[in-house]
Amino acid sequence: MAKITTSTLIKMKQNGEKISTITAYDASFAKLFDQAGIHAILIGDSLGMVLQGENDTLPVTIEHMAYHTKSVANGVENTLIIGDMPFMSYATTEQAYVNATKLMQAGASMVKMEGGAWLVDTIKCLVERGIPVCAHLGLTPQSVNVFGGFKVQGRDADKANEMIEHAKQLEAAGAQLLVLECIPTSLGKAISDAISIPTIGIGAGKDTDGQILVMHDALGISYSYMPKFSRNFLIDTGDIKKAVELYISEVSNGNFPGSEHIFE
Ligand code: KIV
């Protein structure tokens, strides 16, 4: 497999090929996922919950993220590596470029930030300085206290239209990828149709350009509970590499997510 870049993912969207993405936090899993043919690995700040046993992602620091990004980068040959910017590490544009630099120097090829139009200037600044950006809309877990819990977002028409508008502004600012988390299937489709950069869904329905799962959910070893939008691929295969290969093929042929994994 050739090295995967942001251009590869954009071409996949144009060709209607589904993108498979998973989280990883260390070199061994990253190597296995890379060899299985995953298109992108996110070192998610979900590590606060699945590795550290926290109730949410807020305690995660940029030092934690840089440490795990370096570990993943050591295991990867071809997969695109996305480093997640933790809570309050991009509250200002200055903080964003200082902290994004730490993830890029640890081996990321792109950084991810949660939020809508308020990120426009920050995205422009990072992209102009050579740091590709993945944006993240919907249930953005760093805002769990604003949402009053981990709740599906964008169910009413005004909020849905607002999210479509934010997606367009993030693309115009230079974002090259967009994660959509826990939104109705119809909104996942509307956003994916409205922008030309790839959308990667998690609980966002079948019509996004790709899917992402937290590796612990995909392998049925989650610390707390199994979210509705996930599936245990290890149960069907009994082997971690085969489980990830099955995940990739089920995303590719449209069997995952199934109707039991989506929100209306
Ligand atoms: O932190 C994370 O793992 C994420 C994914 C769930 C998209 O942001």
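**Reading the cavities and pockets**

Mentor: Happy to. This is a predicted model, and we can start with its largest cavity, which is lined by Gly-201, Ile-202, Gly-203, Ala-204, Gly-205, Gln-211, Ile-212, Leu-213, Phe-229, Phe-256, Pro-257 and His-261.

Trainee: Which element gives the most to the lining of the largest cavity?

Mentor: That's S8, with three residues.

Trainee: And how much space lies in the largest cavity?

Mentor: About 40 Å³. Sort its lining by class and you get seven nonpolar residues, five polar ones and no charged ones.

Trainee: Which residues line the second largest cavity?

Mentor: Look for Thr-21, Leu-42, Ile-82, Lys-112, Cys-134, Val-179, Ile-200 and Ile-212. The space there is about 30 Å³. By class, six of the lining residues are nonpolar, one is polar and one is charged. Keep an eye on Ile-212: this residue lines the second largest cavity, and Ile-212 is also in the lining of the largest cavity.

Trainee: Now the pockets. What is the volume of the largest pocket?

Mentor: A pocket is an open set of points, whereas from a cavity the probe cannot get out. The largest pocket in this model holds about 660 Å³ of space. Its lining counts 35 residues, and Ser-46, Met-49, Glu-181, Val-214 and Phe-229 lie nearest the centre.

Trainee: Which elements each supply at least two residues of the lining of the largest pocket?

Mentor: Helix H3 (47–50), strand S4 (110–114), strand S6 (177–181) and S8. As for classes, that lining divides into 18 nonpolar, nine polar and eight charged residues.

Trainee: What about the second largest pocket: how many residues line it?

Mentor: There are 26, with Gly-115, Gly-116, Thr-140, Ser-143 and Phe-147 nearest its centre. The volume is about 560 Å³. Strand S5 (133–138), helix H7 (144–147) and helix H8 (157–173) each bring at least two residues to the lining.

Trainee: And how does that lining split by class?

Mentor: Twelve nonpolar, eleven polar and three charged residues.

Conventions:
Residues are numbered from 1 along each chain as its sequence is written. This is a predicted model: local features need pLDDT of at least 70, side-chain atom pairs count only at pLDDT 80 or more; totals for chains, interfaces and linings use all residues. Side-chain values use heavy atoms; hydrogens and water are left out. On a 1 Å grid over the protein atoms alone, a cavity is a set of points where a 1.4 Å probe fits but cannot get out, and a pocket is an open set with protein on both sides within 12 Å along at least five of seven lines; lining residues have an atom within 4 Å of a point. Grid points are joined across faces, edges and corners, and a volume is the space filled by probe spheres set on the points. Helices (H or I, at least four residues) and strands (E, at least two) are DSSP runs, numbered from the N terminus. Ala, Val, Leu, Ile, Met, Phe, Trp, Tyr, Cys and Pro count as nonpolar, Asp, Glu, Lys and Arg as charged, and the others, Gly among them, as polar.
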